[in-house]
Amino acid sequence: MTPLLEIQGLRTVFRSANGDIAAVDGVDLTVPRGRTLGIVGESGCGKSMLSLSVMRLVPPPGRVAAGRVLLEGRDLLTLSTAEMRAVRGGQVAMIFQEPMTSLNPVHPIGLQITEAMRAHDPRASAAELRDRAIAALERVRIPAPARRYDEFPHQLSGGMRQRVMIAMALACKPKLLIADEPTTALDVTVQAQILDLLRDLQQETGMSIILITHDLGVVAEMADEVAVMYAGRVAERASARDLFGSPQHPYTLGLLGSVPRLDEDRERLLAIEGAVPPPFALPQGCRFHPRCPFAIEACTKAQPPLEAIEPGHLAACIRAPVESAVELTP
Amino acid sequence: MSLLDVTDLTKHYPVRQGIVVAKQVGTVRAVDGVSFRIERGETLALVGESGCGKSTTARLVLRLIEPTSGTVRFDGQEVSGAALRTLRRRVQVVFQDPYASLNPRLRVGETIAEPMEVHGIGDATSREARVQELLRLVGLAPFHAQRYPHEFSGGQRQRIGIARALAVQPDLIVCDEPVSALDVSIQAQVVNLLKDLQRQFGLSYLFIAHDLAVVRHMADRVAVMYLGQIVETAPKADLFAAPRHPYTQALLRAIPHPDPRRRGQVTPLGGDVPSPMNPPPGCRFHTRCPFAQDVCRKEEPVLRDIAAGARVACHLAETLPPFAVDSGDGLSDIATRRLALYAAAKERRASGVG
Ligand SMILES: Nc1ncnc2c1ncn2[C@@H]1O[C@H](COP(=O)(O)OP(=O)(O)OP(=O)(O)O)[C@@H](O)[C@H]1O
Ligand SMILES: Nc1ncnc2c1ncn2[C@@H]1O[C@H](COP(=O)(O)OP(=O)(O)OP(=O)(O)O)[C@@H](O)[C@H]1O
Ligand code: SF4
Ligand code: SF4
Ligand SMILES: [Mg+2]
Ligand SMILES: [Mg+2]
């Protein structure tokens, strides 16, 4: 069976005085049906630009310059504006980090959900839509949904607002939900509720999820497949089990070493020195080389291709696995 | 004698409504009877959900706001009058948002030197030398003194904030979520820096965070807050090995581990935090507590000693089922080996070999 979504050679650029600069630069990804793809990486790695590219919502002056985004074999990048609008909020829906910016503050939440539903089902009666909206609120476990229906976004807690966003996103039964840092702004207790909810809804509906986060704990908890992004490219791709069990790319190692753990005492965290380069100041060769403790001369020459190190486990590093690199170093 | 001794601190905010005549319609009990101590060289972490009163507690300790009641003693002296001036120098602060906390119009050198000027320490020349020394201490370069905050990344700005806090040689630094806005890699850099500085200068920290894994890494002792009150305080090792308050347990269960082998162990705590304007009667946690009994709805539990150095505010603390801490396996063997190689390679680079 074909995967639900296949991203091939995606390149998203911004025009600048010195020509196009790429925020996403040649990304290949696959999202299996009913599964969750986690995308991790530091701030500025291009995670949001990637998801906005899939939705064709890249804000100008940005644009998708190359690549294909195949949803069940159909390239979204070639659809007309009207066709794409039908896909958005139809087969593909998206939720963001800060629900307040995506909810309209002057309308009650019930109205906003029914509007979203009406767009895809113009013949439904007002009473019918109301019932369905209340059912949708109930499904995302909002207590007393009939009462909440008439409330405004500011009357809800951050966690409730994110549930409302999820209710709206799921109103049209999408096959793919893109969640861009959906729990980053929330307390861990509320995060746990939202993750639990997403997992249950996935079981119920069989939808696929792209979950963008910079929290490796959230990835380990939720993702089946993981892509680690660095400076607009995929550095490593594997199943969650393999990525954590046998991390290959030095960037992934740096991230894992940076996370303080509840199950281990370490005197010092293994930080990654330096910071992510912005897209207009990318280093030659491997983009991670200025920060990489394993970098050698060859790393500064050519961009390493994303290649299988183990079956189904890809990494873009000429020295992976690193133990063999170390043996070679005198 | 403790360096900082906080007793029964409260901060209540009146809530007013009405445009012409503002009538008080309620009270927000932002901090409601908080007591703790911090010893020299010690890190006390304050944790809890958003809105539980962590920042208000920090501002009270710093005397940026006046308490409604209660006392703060610093180095044995109650903070007021002349003691306030001492406090202003010896207690410094690092905030969460390095963007908002630095003056965009001042060069970094001026920002770092400012507290020295305010407290009349040194002259222009010695201050300049001190700025250079501080920049080096926090891992920045001397030329950075001439730059403006917008030219720095988030992690670098946090280093500037730390250099500024260190400028007047404080004894205590209040860190209000200093790493919450940073990427894990940068967070690790800043956490390492804070620990190094503590060792070097014998600093004490009041470290506010909502990430318990960061707290476990930083703290000596932990105080857990809920709705304006401390519900549990214990040495770090005890708190993580045997959390006693149902709320502490719930916080720990909510954390996803960076380990897919432990997937599905996260258990969400039901419900939302009640409003601090109308905290529930009796135990404030009873609306969400899986163990709540009648007594919990009627009587407020006091924070009481339960073991050496450990205090808990729960009626049933002694009879609750023990918390099964699943300590996990840490990283896989391969991952551990590769991380060690990474650390060794990094070490070699830092020392200029290889
Ligand atoms: N309008 C724009 N013009 C030029 N560059 C841009 C523009 N918008 C975004 N970028 C750059 O594209 C890069 C990728 O940004 P993106 O928002 O995708 O990162 P991210 O991985 O989602 O980060 P975060 O974790 O902070 O959300 C960043 O370096 C950003 O500065
Ligand atoms: N000046 C004020 N007037 C009225 N209420 C206030 C004021 N400052 C804080 N509060 C309220 O006091 C409570 C505690 O706020 P505080 O900022 O101390 O929480 P916090 O634990 O630091 O939360 P966060 O994790 O979100 O930073 C909140 O309910 C807040 O709305
Ligand atoms: S290719 Fe070289 S610089 Fe890039 S990650 Fe691998 S070892 Fe490091
Ligand atoms: S006092 Fe009662 S309600 Fe409060 S934490 Fe203990 S058991 Fe739960
Ligand atoms: Mg983003
Ligand atoms: Mg705060």
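**A close look at the ligand site**

Tutor: Let's start with one contact: the side chain of A:K47 has an N or O atom 2.9 Å from an oxygen atom of ligand 1. Keep in mind as we go that this is a predicted model. A:S43 also reaches the ligand with its side chain, where an N or O atom is 2.4 Å from an oxygen atom of ligand 1. With A:C45 it is the backbone that takes part, as one of its N or O atoms lies 3.2 Å from a ligand oxygen atom. On its own, ligand 1 would expose 640 Å², and the protein buries 66% of that.

Now step back to the shell around ligand 1. Its residues include A:F14, A:A23, A:E42, A:G44, A:G46, A:E181 and A:P279. Sorted by class, the shell holds five nonpolar, four polar and three charged residues. Helix α1 of chain A gives the most to this shell, with three residues.

Where does the sheet come in? In chain A, four strands form an open sheet in the order β2-β1-β4-β5, with antiparallel pairing. Strands β2 (19–31) and β5 (74–75) of chain A are at the edges with a single partner strand each, so one side of each has no neighbour in the sheet. Helix α1 (residues 47–54) of chain A packs on this sheet, touching β1, β2 and β4 of chain A, and its direction makes about 110 degrees with that of β1(A). Strand β1 (residues 5–16) of chain A is joined to the antiparallel strand β4 (residues 62–71) of chain A by eight bridges. As one detail, A:Q8 stands opposite A:R68 in β4(A).

Methods:
Residues are numbered from 1 along each chain as its sequence is written. Chains are lettered from A and ligands numbered from 1 in the order in which they are written. This is a predicted model: local features need pLDDT of at least 70, side-chain atom pairs count only at pLDDT 80 or more; totals for chains, interfaces and linings use all residues. Side-chain values use heavy atoms; hydrogens and water are left out. Two strands pair if DSSP finds at least two bridges between them. Helices (H or I, at least four residues) and strands (E, at least two) are DSSP runs, numbered from the N terminus. Contact means heavy atoms within 4.5 Å. Axes are lines fitted to C-alpha atoms, for helices over the stretch in contact, and angles run from 0 to 180 degrees between N-to-C directions. A residue is near a molecule or strand if one of its heavy atoms lies within 4 Å of it. A polar contact is a pair of N or O atoms within 3.5 Å; within protein, one must be able to donate a hydrogen and the other to accept it, and residues adjacent in sequence count only if both atoms are side-chain atoms. Accessible areas come from the Shrake-Rupley method with a 1.4 Å probe; for residues, only the protein chains shown count as cover. Ala, Val, Leu, Ile, Met, Phe, Trp, Tyr, Cys and Pro count as nonpolar, Asp, Glu, Lys and Arg as charged, and the others, Gly among them, as polar.
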